[in-house]
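Please open the model in your viewer and keep the sequence beside it, so that each selection can be found in both. The tour goes from the whole chain to single residues, and each stop says what to select next.

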Amino acid sequence: MDQTEHPLQPAPPPPVLPSAHTPSPAVTPPRPKRIALFGATGLAGGGVLRACLAAPEVAGIVAVTRSPLALTSPKLLELHHGDFQSLAPLAAAFSNLDACFYCLGTSSSGLSEARYRAITRDYALETARALRQASPSHTFHFISGAGARLDSPFLWARVKAETEEALTHADLAGLVCYRPAMILADRPPNRFPWFARAAYPILRLARFFPALSLNALAPAMLQIELEAQRAGTLEHPALRAAASRYLARRRPA
Ligand SMILES: NC(=O)c1ccc[n+]([C@@H]2O[C@H](COP(=O)([O-])OP(=O)(O)OC[C@H]3O[C@@H](n4cnc5c(N)ncnc54)[C@H](OP(=O)(O)O)[C@@H]3O)[C@@H](O)[C@H]2O)c1
């Protein structure tokens, strides 16, 4: 879509403070959120996209993709982009955003260390840079992984930890890192090779690893943004708790 047709309206002006004679309203409803989403074609990002589309608290989503999404919505602006090392051409679409849900990522398997680091760390840092410039007060929500550690023997865990660390120096107004172990969903991640895809139903049932349902991860990320949490590294217990708070918010009073 042409960026000049951006359906997301600019932020409304801040509310005028009531004068001493004006009775103040009991509660001012929060302004609906405008969200940037990376990785929307994937397992985690797809779940976050569906949650955002269903959430009345989300006014609009700017999804930056390299492959097309299978759905459209008046709330969704999809921007196809080929070069995630440089998001400068998309700058105009990144203004007035409240948050970025960064779900882009891949497996280190079959990739050189340099390539895996470029996709995992450099793309995330470029996204943080571009969004900080256009929407300085946004919160960056980064999906890392359980076990991310600078001294890990595993490449993926070291690079995820490096990325978390680098993002803390990216001058962001807010940074929240999510550390799921295996994300359980009704389909495997795109990046799984064919044999792992074939074995996924068994893997899913057998639960060899600590797992978090996608039905918990996506609402948890939304809830953290809606609560305006601006820092933290969240693992399964905190994510499940946040998801429960989100579901409680959805229940009729
Ligand atoms: N799934 C899990 O169990 C799990 C557990 C812990 C952490 N995580 C983390 O969660 C994040 C999302 O994982 P996922 O399971 O949703 O993976 P996924 O299903 O493979 O989706 C990955 C997403 O990233 C995009 N992407 C991958 N490589 C790219 C590249 N070189 N350039 C542009 N876009 C690229 C994909 O776009 P295309 O559709 O165009 O390929 C897709 O949208 C990753 O960072 C992963 O490490 C996942």
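Begin by colouring the protein chain by pLDDT, the predictor's confidence in each residue, from 0 to 100; the mean for the chain is 89, and 88% of its residues reach 70 or more. This is a predicted model, in which local features need pLDDT of at least 70 and side-chain atom pairs count only at pLDDT 80 or more, while totals for chains, interfaces and linings use all residues. Residues are numbered from 1 along each chain as its sequence is written.

Select residues 1-7, where pLDDT stays under 50 and the model has nine contacts beyond four places in sequence; two residues are in contact if their C-beta atoms, placed from the backbone, lie within 7 Å. Then select residues 9-23, where pLDDT also stays under 50 and the model has four contacts beyond four places in sequence.

**The whole chain**

Switch to a cartoon view, in which six helices and nine strands can be found in the protein chain. Helices (H or I, at least four residues) and strands (E, at least two) are DSSP runs, numbered from the N terminus. The chain has 253 residues, of which 36% count as buried. A residue is buried if 20 or more other C-beta atoms lie within 10 Å of its own, exposed if 12 or fewer, and partly exposed in between, with C-beta atoms placed from the backbone. Among contacts between residues at least 6 apart in sequence, 73% join residues at least 24 apart.

**Around the ligand**

Which residues are closest to the ligand? Select the 22 residues that surround it, and the closest will be Thr-41, Gly-42, Ala-44, Gly-105 and Pro-189; a residue belongs to this shell if its C-beta atom, placed from the backbone, lies within 6 Å of the molecule. The elements that give two or more residues to the shell are α1 (43-54) and β7 (182-184), and α1 gives the most, with three residues. Coloured by class, the shell shows 11 nonpolar, nine polar and two charged residues, where Ala, Val, Leu, Ile, Met, Phe, Trp, Tyr, Cys and Pro count as nonpolar, Asp, Glu, Lys and Arg as charged, and the others, Gly among them, as polar.

A nonpolar core is a set of buried Ala, Val, Leu, Ile, Met, Phe, Trp, Tyr and Cys residues joined through C-beta atoms within 7 Å. The largest one here has 60 residues, and those with the most contacts inside it are Leu-37, Val-48, Cys-52, Tyr-102 and Leu-217. Helix α5 (residues 214-226) supplies the largest share of this core, nine residues. Select Val-48 next: leaving aside residues up to four places away in sequence, Val-48 touches Leu-37, Phe-101, Cys-103, Ala-218 and Met-221.

Now select α5 itself, which is mostly covered, since 12 of its 13 residues are buried. The expected span of a helix is 1.5 Å times one less than its number of residues; for α5 this gives 18 Å, and the end C-alpha atoms are 18 Å apart, which agrees. Just after α5 comes Ala-228, with a positive phi of about 60°, in the loop between α5 and β9 (231-234). Why does Ala-228 count as exposed? Ala-228 counts as exposed because it has 11 C-beta neighbours inside 10 Å.

**Helix α3**

Move to α3 (residues 155-168), whose 14 residues reach 20 Å from the first C-alpha to the last, close to the 20 Å expected. The buried residues of α3 are Trp-156, Val-159, Lys-160, Ala-161, Thr-163, Glu-164 and Leu-167, and what covers them includes α2 (113-134), β5 (139-143) and β6 (174-178).

Select Phe-38 in strand β1 (residues 33-38); Phe-38 counts as buried because it has 26 C-beta neighbours inside 10 Å. Phe-38 and Cys-100 are 62 residues apart in sequence, yet 7.7 Å apart in space, C-alpha to C-alpha.

Finish with His-80 in strand β3 (residues 76-80), which counts as exposed because it has 12 C-beta neighbours inside 10 Å. Not counting residues up to four places away in sequence, His-80 touches Thr-65, Arg-66 and Pro-68; His-80 and Arg-66 are 14 residues apart in sequence and 5.4 Å apart in space, C-alpha to C-alpha.
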